Amino acid sequence: MSAGAGPPRESGAAGAVIAFRRVHYALPKGQLLLRDIHLTVERGETLVLLGRSGAGKTTALKLINRLLEPTGGEVQVEGRATLAWDPIALRRHIGYVIQETGLFPHYSVADNVALVPRLERKAEPYVRARVEELLALVGLDPARYLDRYPHELSGGQRQRVGVARALAADPPILLMDEPFGALDPLTRAEVREEFQALQQRLAKTIVIVTHDTSEALLLGTRIALFEAGELRGVYSPREFLASSEPVAAAYTAQLRRLEGFERGI
Amino acid sequence: MNVIQYFERHPGEILQATVEHIWLVGIAMLIAVAVGVPLGILVARRPWLSKPILGGANIAETIPSLALFGFLLPVPWLGERAARLAIAALALYALLPIIRNTAAGITSVDPAVREAARGMGMTPGQILFKVELPLSLSTVLAGVRVATVLTIGIATIAAAVGAGGLGEYIFRGLAMVNNSLILAGAIPAALLALGADFLLSLLERWLRPAR
């Protein structure tokens, strides 16, 4: 929006799907939640937004599909500012998975997954085939689960349906907000591993929010570290482990303590 | 002559009064739903409107029914026909529970569900009609049920302005100090209320979203 303001823009790196350009986000009352965020996400990579609760990572995620609008700077998706997109078209271009999954309790599994294709008025035989394909993809037997309702599923199964729903319209971008957060540790590890396999097969651009260091290291091709509304740095998992940046070091120190505990047993 | 004999001798007459009664209540409820549900949605969307709208409906609720019929009598178009007047007054009474329950139903939709709907790229209209209203349907219906039972009772007073219905018997019975006549109006009205309550509660249970 503010053309000319700010430093000269580097021509968006080839393949940058999402770009934050000096983004600020403040609440109407004035509290600043994000300060001067500058960040790009390359095509096909998985960027993890890591930080503690309240660090601004979920806010950053919601700026991408315009559930929130920046109060300064701009967020670009496919080279176009989110504010220049039709919000509905933008969101249908981006899959969205949230922690509580937000499955519609009054829709069956099949109807939940079919939601976006139906909104896009795809032909019904195509939609049905697509739903079965997706359920199989996330490891749920279509014959058994199509007609169930969300309350009849376990947490892990709900999460899988949430992922299937987000993938239904085959969006090139996938946003995930603490996607495995509500699961017990064992199920969480299971679903996460399945997701890793899925990740390689789908080749989508993915942004994941988490506060779990090991999750960030396992899933991310890069890790963006948030602290108190600021971006502290972007690291590859290897760089992150070696980083001397105090906040990153605090995360790795916590991991090492866990390792030390393991060795101590 | 006791009530049972009265029922045996005048079945057609009582049936007609019952049909009149149902008609008054039915039309009033249709109007109340048509007005109350959109108002309830508005209250849920714009919380600052909740005070004036719910307050207004609350005031209508507190006016004694006989007085409300009296107040509406001089209103130009309404006052011309007794039935019109009665229906308007009944609809006013039915409004509060319907507005309140619609607003409560919509505001109680899980925020995660609403956010997922937005994030999936549903338009505000699609979110309302495909998510919020279906999920609050049973709560809305509970309001309609309360309003219907209330209105069936109050509709007996419509006879005071000559709108007919089962109240005719009650007023006649009062004037003639004839308990059988009073009961000839009161019993069918009570049965109507019970029946409506039962049927609507069945519908409500059937529509309750699984959690």
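1. Let's start with a word you'll need throughout: a residue is buried if 20 or more other C-beta atoms lie within 10 Å of its own, exposed if 12 or fewer, and partly exposed in between, with the C-beta atoms placed from the backbone. By that count, 40% of the 211 residues of chain B are buried.

2. A quick word on the source: this is a predicted model, where local features need pLDDT of at least 70, side-chain atom pairs count only at pLDDT 80 or more, and totals for chains, interfaces and linings use all residues. Residues are numbered from 1 along each chain as its sequence is written, and chains are lettered from A in the order in which they are written.

3. Now for chain B as a whole. Chain B has 10 helices and zero strands (helices are DSSP runs of H or I, at least four residues, strands are runs of E, at least two, and both are numbered from the N terminus). The C-alpha trace of chain B spans about 70 × 40 × 20 Å along its principal axes. Take the contacts in chain B between residues at least 6 apart in sequence: 73% of them join residues at least 24 apart (a contact means that the C-beta atoms of two residues, placed from the backbone, lie within 7 Å).

4. Have a look at helix 10 of chain B, residues 179-207. Its 29 residues should span 42 Å at 1.5 Å a residue, and the end C-alpha atoms are 41 Å apart, which agrees (the expected span is 1.5 Å times one less than the number of residues). B:Leu181, B:Ala184, B:Gly185, B:Ala189, B:Leu192 and B:Ala196 are the buried ones here. What covers them includes helix 1 (3-9), helix 2 (11-45), helix 8 (124-154) and helix 9 (167-176) of chain B.

5. How do helix 9 and helix 10 of chain B pack? Their angle is about 165°, with the axes 7 Å apart (axes are lines fitted to C-alpha atoms, for helices over the stretch in contact, and angles run from 0 to 180 degrees between N-to-C directions). The two helices are therefore roughly antiparallel to each other (angles over 145 degrees count as roughly antiparallel, under 35 as roughly parallel, 65 to 115 as roughly perpendicular and the rest as oblique). Sorted by class, the residues of this contact are eight nonpolar, four polar and two charged (Ala, Val, Leu, Ile, Met, Phe, Trp, Tyr, Cys and Pro count as nonpolar, Asp, Glu, Lys and Arg as charged, and the others, Gly among them, as polar).

6. Of its 13 residues, 12 are buried, so helix 7 of chain A is largely enclosed by the rest of the structure. Among the buried residues are A:Gln157, A:Arg158 and A:Val161. They pack against strand 6, helix 3 (109-113), helix 4, helix 5 (124-137), strand 7 (173-177) and helix 8 of chain A.

7. Helix 7 (residues 155-167) and helix 8 (residues 185-202) of chain A pack at an angle of about 25°, with their axes 10 Å apart. That makes helix 7 of chain A roughly parallel to helix 8 of chain A. A:Gly155, A:Gly156, A:Gln159 and A:Arg160 of helix 7 make the contact with A:Thr187, A:Glu190 and A:Val191 of helix 8.

8. Finally, the two chains meet. The contact takes 17 residues from chain A and 17 residues from chain B. On the chain A side, helix 2 (87-92), strand 6 (94-98) and helix 4 (115-119) each supply at least two residues. That side divides into 10 nonpolar, four polar and three charged residues.
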